[in-house]
Amino acid sequence: LSSQIRFERNDRQDRGDRGWVSINDRQRMLDMRIDQGRRDGSLSRTEATRLRIEFQNIARLEASYRRGGLNVAERRDLDMRFDRLSGRIQAERNDRNNYYG
C-alpha cells in the first residue's frame, strides 16, 4: 500500500478496473503515452520534450520523497502532479498542432 496511488480520469483507459496502481506502474503508463504520441504523430517533438521534462521532474521528486519513506502528504502531492501531467499529455495529444515536428 505504501506505493499505491490513485489514478485520475484521464488514465482510466490505462488502468481498466484496477482502481489503484503503483507509482512505478503509473509512471510507466504515462511514459508509454508520451512514446505513443510521438509514434502516432499526436505529439510534436517539442511537446514530447516538454512532457518528458515534467515527467523527469516528478520522478526526481518521487525519488527524493522515497529517501525518507513516502508519507500521506507526499503521496497526495505526487498524485496531483501525475494528474496534471496526465491531463497535459491528453491535451497536447488532442490539440492538433503536432505538425511542427
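Trainee: What share of the protein chain counts as buried?
Mentor: Of its 101 residues, 38% count as buried. Keep in mind that this is a predicted model.

Trainee: Which elements make up the protein chain, and in what order do they run from the N terminus?
Mentor: They go β-α-β-α-α-α, which comes to four helices and two strands.

Trainee: Where should I look for the largest nonpolar core, and which residues touch the most other members?
Mentor: The general idea is that in soluble globular proteins, nonpolar side chains tend to be buried together. Here the largest nonpolar core has 14 residues, and Leu 30, Ile 34, Leu 51, Leu 78, Phe 82, Leu 85 and Ile 89 touch the most other members. At least two residues of this core come from each of α2 (23-40), α3 (45-67) and α4 (72-93). The top contributor is α3, with five residues.

Trainee: At what angle do α2 and α3 pack?
Mentor: About 170°, with their axes 10 Å apart. Angles over 145 degrees count as roughly antiparallel, so that's how α2 and α3 lie to each other. In their contact, α2 brings residues including Leu 30, Ile 34 and Arg 38, while α3 brings Leu 51, Phe 55 and Glu 62, among others.

Trainee: What classes of residue make up that contact of α2 with α3?
Mentor: Seven are nonpolar, one is polar and seven are charged.

Notes:
Residues are numbered from 1 along each chain as its sequence is written. This is a predicted model: local features need pLDDT of at least 70, side-chain atom pairs count only at pLDDT 80 or more; totals for chains, interfaces and linings use all residues. Side-chain values use heavy atoms; hydrogens and water are left out. A nonpolar core is a set of buried Ala, Val, Leu, Ile, Met, Phe, Trp, Tyr and Cys residues joined through side-chain atoms within 4.5 Å. Buried means under 20% relative accessible area, exposed over 50%, partly exposed in between (1.4 Å probe, protein chains only). Axes are lines fitted to C-alpha atoms, for helices over the stretch in contact, and angles run from 0 to 180 degrees between N-to-C directions. Angles under 35 degrees count as roughly parallel, over 145 as roughly antiparallel, 65 to 115 as roughly perpendicular and the rest as oblique. Contact means heavy atoms within 4.5 Å. Ala, Val, Leu, Ile, Met, Phe, Trp, Tyr, Cys and Pro count as nonpolar, Asp, Glu, Lys and Arg as charged, and the others, Gly among them, as polar.
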